[in-house]
Structures are given as C-alpha cells and as structure tokens.
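I opened the notebook today to look through one model, piece by piece. Here is what I looked up, in the order I went.

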Amino acid sequence: MGVVNIKGRDDIDMQEFLDEVKLRVDQINNLPQAAFEPQVQRWEQRNAFMGIAIHGDVDPRTLKRLADNVRDDIANIPGGELAQLQGVISEQVNIEVSEDALRRYGLSFSDVANAIRRSSLNSSGGRIESSTGDVSITARQLADTADQFGNIIIRQTTEDGTIRVDDVAQIDDGFVTDKFSAQFNGDPTAFVMIRSPDTMHIVDYTDNFKKYIEQANDPSNGILPQAVKIDILWDDSEAFKARMDLITESAMMGAVLVMLVLVLFLRPTVALWVTIGIMTAFAGGILLLPYFGVSWNILSTFAVLLVIGVIVDDAIIVGENIHREIESGRREGLDAAIVGTQLVLKPVIFGVLTTIIAFLPWAFITGPTRMFTQQITFVVVAALIFSIIECMLILPSHLAHMKQQKFDGPSGRFLKIQRRIADSLLWFANNIYKPVLELAIRFRYATVVFFFCLFFLATQVSGKGIVPFKFMPEIEADLIQVDIDMPDGTPYSRLIQIRDQLQAGIKKTKEVTDAKYPDIEGGLVTDASVVAADGRVQAWVGLLPPEERPQGVRSKDISEQMRNYVGEIQDAEEISFDFTFNDEQSGVRFALNHNDLDRLREAAAAVKAQLATYSNTYDIGDNLSSAAEEIRISLKPGAETLGITLADVSDQLRQAYYGEEVQRLPRDGEDVRVMVRLPESAREDLDSIDTLRIRTSDGREIPITQVAEFNYAPGINRIVRRNRTRSVSVYSEVMGEGGRGQIMSAMEEEFWPDFARQFPDVQRGEAGGFEEEQKFFSEIGRLILIAIGTMYILLAVAFRSYAQPLLLMMALPFAYAGAVFGLWAFNTPMAMFSFFGIAAAAGVVINDNLVLIDYVNRRRDEGAGAVQALVDGGVSRFRPILLTSVTTFVGILPLIAEKSVQAQFLKPMVVSLGSAVAFALFVSLLMVPTLYAVGVEIGRVFRWTWGGKPFRQIGETYSGQVTIDEDELIGTSRDSTLGHAAPAE
C-alpha cells in the first residue's frame, strides 16, 4: 500500500484543492493492473472522546455481531455519529482448494472461481410487459452459507459425473485471518471508539452513552446476553467537567479576593461597581463570541482568566480617578464622572489597544495550532472591546451618583476602619516608596543595569533549560496507551510472545503498586485491554484517576515503571507508552533525507549511536524497515515455447497464496469477500511452492519448477519519502523533565557539526512534534515582530515621541523575565500557554506604564522638572498601579495554589501571568521612572553637545517633596508632610 500526504497552503480553498488532486490522480494510467482504485480524501483529525470495550466469553462471530449492534445503537445517539468499531477483523468466506484436489479433478483456481461466479448471483433478466401487467425476470441464487457454496457445481459430465465445490475444497465461513487477539481483562473483546462530531456537547453526549451502557449491561433489556458486558475504557468528559469546575470555582474565589482587595483599598462603593463592571465586560464579551465563530469551552474559560487583569486594570484606573475627583471636592456628580474619565481616557484606550495587538498574532498563525490559539485570542479581543465600552460609558454613569464619603450612620465605624486601611497604602507611598524611588533615580544607571542584569539572568535560565520548555503542558491521564510496532513480516507467533510479555509487565506493575498501596480498593491499575494484530501490539491500561491517588503518584511514574517491567523488545521498530491527555511527545525525533538508502542507513546508525551516549534516552530506533527476504520469480529458458509467460506464473501464484476474490456478499451492512486459494497450511509452508503446477490454456499441467526459477533476495517493505526524497526518522524516548531540550542543545553543539562533515550530502531536520514547534515559533516570531512594530507606531502617535513608546514597551521583555523567574520558583515548565500569560501581563504593565508616563507628561507640561514630575507621578499613581497588579495576582492566586492534576494544564499560564505581573510591578514603579530620567539626561547631553544649550544636572532643583494638591491623595490627613509646589528644573 502506498500513502501520499499532500499539504497545501493555508490560504487555499480546500474543496478546490481536493478536486484538483483527485483530477491529477485520475489521470495516472500506469498503475499495476491488480491495484485497487486510488482513494483521495481530506485528512481530518478527530480524537476519540470516549472508548468502550464489549467483552465476554463468546465466539468471535457472535462478539463481532454484538459489537456491530452496539456501534449502530451508539451512532443513533446524538454525538455518536462517528463511532467506529475497532479490535475486530472482517468476515470472509474462504474456499480452500489443495493442489492435490486440483490435479485429481483436472481443475484450476480459475475454474473454481468462475463456477462460483456463474452460479452464485442475483441477476436481473429484464421485464415482460404482458397485457396483465409488467413482470420482472430475476435470478436470486446468491450463496451465503458454507452449504450453499458447497453445492455449487463446478463441472458435470457423463464421464466424470458431477463435481461440486465441497468435493474439491474446504469451505470456512469465518474471518480474513485467525491471527488476531483482542482482550479486556482476559476476555475476548471488541472496541467502539467514539470520535468527536463537528458540534460538541461532550457532557450531554457522554451522559447519554452511559445511560445506554447501563441499559445494555442489563440482560433483561435484550441488548446483550448475560455473558457479555460493556466497560468504559476512557471518558474525556470527566476531565472536561473537572477542569470546568476547577476554573469556575477558582474564578469565583478570585473574584471574591479581588473585590475584598478593592473594598479594603478603595471606597466600597467604587469597589462594588468596579467588580460589577468586570462581570459586565465579560458578559458583553461573551455575547460577541458567536460573531467570532467561538463556542464556550475550556479554552474560552481559559481566556477569561487571561484577560481579567487588563479589565480590572481599566476599571480601577477609571473608578479611582472619578473617586479622586469627588473626594477632592473639585467636582461632583456627572461632572466628576466625565472629567475623571477624560483624564485617563488616553492611557486606558491605548492600553487596551496595545493589549489587543499583543494577542492578535496568535489569530493569524497557520496550521492546526490556530484552532486553539484563535479561540483564546477572539475571547480576549471580545472582552477587551466591551471593557472599553464598560469603563468609558457604563462605569462612569454608575459612579456619577456617588457623593463624598461620610462616616456617620450604622456603617460609619466600618468606613473609618476601611479609610485607615486605604490611607495606610497612601502613607506607604509617601513614606516608603518615595524615598526608594528617589534613591533609584539618584543611582539611575545602577538601577537600570540591575534590572537588565535580571533580564539577562532570565534569558540564561530559560536558554540553559533550567526552566524546561514543553510546547503543550503535560496533562496526566487515567489511561496509559501502549504501542509496539514490529517490522513487516513479523510472524504472528512473535506478536503473541510480545503480547504475553506486555501483559506480564502490566500484571507485575499492578502487583507492585497494590502491595505498595494496599488501602486503595481496586489498585492503581484498574483494567487492561491488549490487541495483537497486523505487526502491532497495542494496549490501553486503565489507571485510578489522578485526584484519587496518593499525593505524588503520577501517571508518568507508573508508565515508566511499567515500561521497565515489560523489558527489552530488541526487534521492535518503535515502542511508546503514552500517559498524557494531549499526546505530548517527550522524546526526540530527527529526519534524515537522501536518495541512497545505504547512505541513509549509515547516517541513521550514527545518530542512533550518539543518542545511545545519553543516560536518559531509551527505546532508540528508526523507521527504516528491516530488509525481509522475498522470493523473486524468473522464467527458465525455453518456458515461452510451452506457451507460458511470466504473467501466467505470477497470476497463478497470486491465486494460490493471496487468493482470487470471487465476489462480495452483503451482510449486516458490510461487504464480505469470497476468496478461493490454497489451504492455510500450504500458504504457510515455503516448500509448498515446489509442488504447484502451472495450468496452460490448452489444459496441460506443468510443474512450476520446470518453467520458473526462485531466488531469495532482500526485499524492501517500506519506502518513506519527504518532498520526493527518501527519508528516515531516528527517534528516542527521553526520561526526566526538560531532557529533550538538553539533548537537542547538546547534539547541536557536540554532534551535528561532525555529522555534517561526515555526511555532507545528507539533509537533516527535526521531525514529529519538535518540527511543528520549530515552524510554529518561526511563524509566531515574525507575527510578534509585526505586532511590536504596530504597537510602537500607535504609541508614538499617541505620545508624539519616538523614545517614550520604547519606554512603555519595556513591559514586554520584563514580563517575560518575571514569568521565567516565577516558573523557576514554582518548578513549572514553560509552555505555549505561558506566552498568553506573558502577553496578558504585558497588557497590564503597559497600561500601568501608560498611566504613569501620561501623568508625568502632564506634570512636565505644567512646568515641573523631570525628577519632580517622576516622584509626583510615582506617588500619585502608586495606588492604582499597585492595585491593578495585586488584583490581577490575587484573581489567579487560587489557580496558582491549586494542587490538583486538573490544574496542571493551566499552571504554565497562570504562573507566568501572576509572576510576570508581580515582577513588572517593580519595573513600573522603579525602572520605568529611572529609565525616563536617563532618557532626559541623555537628551540634555545631546542638546548641550550639538545644540550649544547649557547642561543642567538632572534633579538639581528637586525640592524633595511631593508637589501635588493634598486632595490628589484621597484620604490623606490634612496635616501630612506633603510639600508645596517646587519650581521647574
């Protein structure tokens, strides 16, 4: 069989592309005559979200028929339309004719096949249009049982009498082969895998399936006999419900924590409306999702957690500014709401726009990953669009009714306590933060160098693999899937040996874990299904759900333990023990390309030898099929004079060993082949070929050894090409966290340069998951650069400056640094989702930087000096900047603290977001002001050097006091130590 995978560009019309490929394939006219019609179909990845085993002590035909009925029943239940039957073999009628019988009766395989075709048929003879009506003429004599086939007459003469099929053949109405084994806990088994339809409602679907299974397992319903039961192999809805419950509970707890922080450090009325505003923004964003083609799912909920920080940020900034206007007494009511909103209009709008731009690249990547990233991106964009409407229009209208705070009445005591807590934050800003900021500005170059050293340290920690990278987070499953691929031509007896070896390893694992954890009812290993067929051994080993295991018992550890107990399988081509939901590849895989097969073998051997030098690699191999022997036929000289051609010999050998397909019988919705061929004992005996005779057209029988020669030679069982060049994949499994990255780096430095010198003509590259990762990061890197350029242009227009956008965008690299430090501290690997967390954190921090720099620019326009404006801005904006970071962090704190396995797929994102926001808080409060001061000083140096203007030391006229109105710091007592306005520098 040959398979060609064609990958088109992402901008093509798939139906037109498919039609064009079909047209080109149909134009091929030099395929072998015996080849089946080429099939062209679109590749679709549909994962099975539920698997069930139908098992019991019944014969194979009964089991298959029952499994067919179960599959049909499930297909009629919503969500089960794509249910597929696996672990069974097709039925087949085998008419086995020995060479002795053919010689005894003077027959050939063609005689037997043609006799069956002539007698076993349903045929129409037309229609008689009589005066009394039309009458159809038909022959309905299609044989369907062994007795019916046996009664078919092959030849009938006066000399030989009547020769029937059962006179010359053994008829087996059975299966294609008996070399097949499928078991579930030792019982014969068939499997039904339910693949996801276009529209998923996974919980409803699986609930309906479970109801059906419960009915089927009750013999009184007549679906299954007493001896047959259905068990669930896996059910993805359990993980889905657990994750949704986890996200929902954590989000609710985070919302409570956010509101508590806001109530403590803002006026309770403002905190209430800000919290309601956050929910309103999310509700409005959800309403927009259908217009983006996004459904509500785990990824959508996941995206809500990402963007909560930016929405909280906007609402806090607007609410706090309106609060400031009202408490200062300068304005009240509607005027306070309008002016308070207008003062922060620019930083809020541009903060949201830059965040949207930061997420947009993920919507434009190509390939299958886009299906995931678009879901997140569009939810973020929808929520941010509505958050602008909410915080610019809805929130101000609510706060327009707010009056100056009073402390009388029943709630007066609480309000006084709350005011003291809020004032403590302002006291901290003036008495703790201000001196630290002044010190940082005084030693500005040391401060900048210190922060950049931290960024450099983060890049080293990430680059050296101290924080390992996994493209997708490793999500533990309650199922271990085992695949053992053997070379083509491996005898069935060897497959049975490997099956027994695998079952022994599974049994040993269960015994050891049961002894170690005797209190667990049923044990850590709950069940096992094993299939051996077609050169492959597969197993599905059920485990206790991760949440019900003792602390620290991971599926990965059980899988590695099981792999050790199974032992070595030297002749296996590839072995995999997968223990994750997302099929994340933990090993390494390299592709080598060259047209010379021998050269490829040498190169592959060199790579395997290098992989074997690493202590954490195992199951090293390649996909070069071993050269199995084949028998090559050639005609002896003079054979043509007997009227025999090589085609005659080849065709009759095919009839004998593969068989001749006589017809197909319709049975229970399937086509059952009827094959005429030699008995199984002869087909498995190499010596039987010497006893065959070649039949000529004039009825002669000539021993095949007189007209043909047979030579043994190495055969090629598989040819793999990539881009029309022969290719081989070399692979290895890797133990431990981050091992793949370390091996890739080590080989890049130590091995590949020597390999290039030894094999300069062999092209190499990564294959499998790592190849997709390389393509993904190459593409997303270009898109992010475009996004950064767009952000810069947008901010440059807004601030009318070429330098200040760079200052504002310092959030991007330092958000990354903070994420790396957080992942390092929490011992969490970096994943693709980490970059979403970094983008969300960057949005929060850019927003904070915008608020700070916008205020500093306004103070400079009023005549304040650089240092004075920086200190005023830092102290004045300390509370909103701190609150936005704190609320973002506490909003996801429940997820960061969550220890359950279901939280692990979110950990890379939430840890990155939380730690990036926490780290970038110091960047906004300390590094951004100092970098601003450095920029001012460099500008003065250039003006002094090139413009001849007098040079003034930065901060020489700084008064040492905050020079803003007392009312700017809401709630600060009137006798505070705030100074009065200082002259501009």
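Predicted model: local features only at pLDDT ≥ 70, side-chain atom pairs only at ≥ 80, totals over all residues.

The largest nonpolar core has 151 residues, and the ones touching the most other members are Ile376, Phe833 and Met909.

**Helix H27**

Next I checked the length of H27, which covers residues 832–861. At 1.5 Å a residue, its 30 residues should span 44 Å, and I read 43 Å between the end C-alpha atoms, so the two agree. Is H27 enclosed by the rest of the structure or open? Of its 30 residues, 26 are buried, so H27 is largely enclosed by the rest of the structure. After the helix comes Gly863, and I noted its positive phi, near 110°.

**Val274 in H9**

I moved to Val274, which belongs to helix H9, residues 268–288. Its relative accessible area is 0%, so I put Val274 down as buried. Which residues does Val274 contact, once neighbours within four places in sequence are left aside? I listed Leu262, Ala315, Ile316 and Leu395. I also looked from Val274 across to Asp848: the two are 574 residues apart along the chain, and their C-alpha atoms are separated by 17 Å.

**Aromatic rings**

I searched the whole structure for aromatic pairs and got 17. One of the pairs I opened up is Phe450 with Phe451: the ring centres are 5.7 Å apart and the planes meet at 75°, which is over the 60 degrees needed, so I call the pair edge-to-face.

I then compared notes with Phe751 and Phe755, a tilted pair with 5.6 Å centre to centre and 45° between the planes. Phe751 and Phe755 are both buried. Going back to Phe450 and Phe451, I saw that they belong to one aromatic cluster together with Phe452, Phe455 and Phe814.

**Charges over rings**

I looked for lysines placed over rings and wrote down two cases. The charged end of Lys346 sits over the ring of Phe799, 4.7 Å from the ring centre. Lys508 lies over the face of Tyr565, and there I noted 6.0 Å from the ring centre.

**Thr490 in its loop**

Thr490 is in the loop that runs between strand S12 (476–485) and helix H16 (492–516). I found it buried, at 18% relative accessibility. What does the side chain of Thr490 reach? I traced it to the backbone oxygen of Pro487, at 2.6 Å.

**Positive phi values**

Last, I went through the backbone angles. Most residues other than glycine have a negative phi, so I stopped at the exceptions I came across. Arg800 is not a glycine, yet its phi is positive, about 50°. I placed Arg800 in the loop between helix H24 (768–799) and helix H25 (804–808). With a relative accessible area of 81%, Arg800 is exposed.

Asn827 is another non-glycine with a positive phi, about 55°. Where does Asn827 sit? I found it in the loop between helix H26 (811–825) and H27. At 71% relative accessibility, Asn827 counts as exposed.

Definitions and conventions
Residues numbered from 1 in each chain as written. Heavy atoms only, no water. Helix = DSSP H or I, 4+ residues; strand = E, 2+ residues; numbered from the N terminus. Expected span 1.5 Å × (residues − 1). Buried < 20%, exposed > 50% of the residue type's maximum accessible area, 1.4 Å probe, protein only. Phe/Tyr/Trp six-rings, centres within 6.5 Å; stacked < 30°, edge-to-face > 60°. Lys NZ or Arg CZ within 6 Å of the ring centre and 35° of its normal. Polar contact = N/O pair within 3.5 Å; in protein donor to acceptor, adjacent residues only side chain to side chain. Core = buried A, V, L, I, M, F, W, Y, C linked by side-chain atoms within 4.5 Å. Contact = heavy atoms within 4.5 Å.
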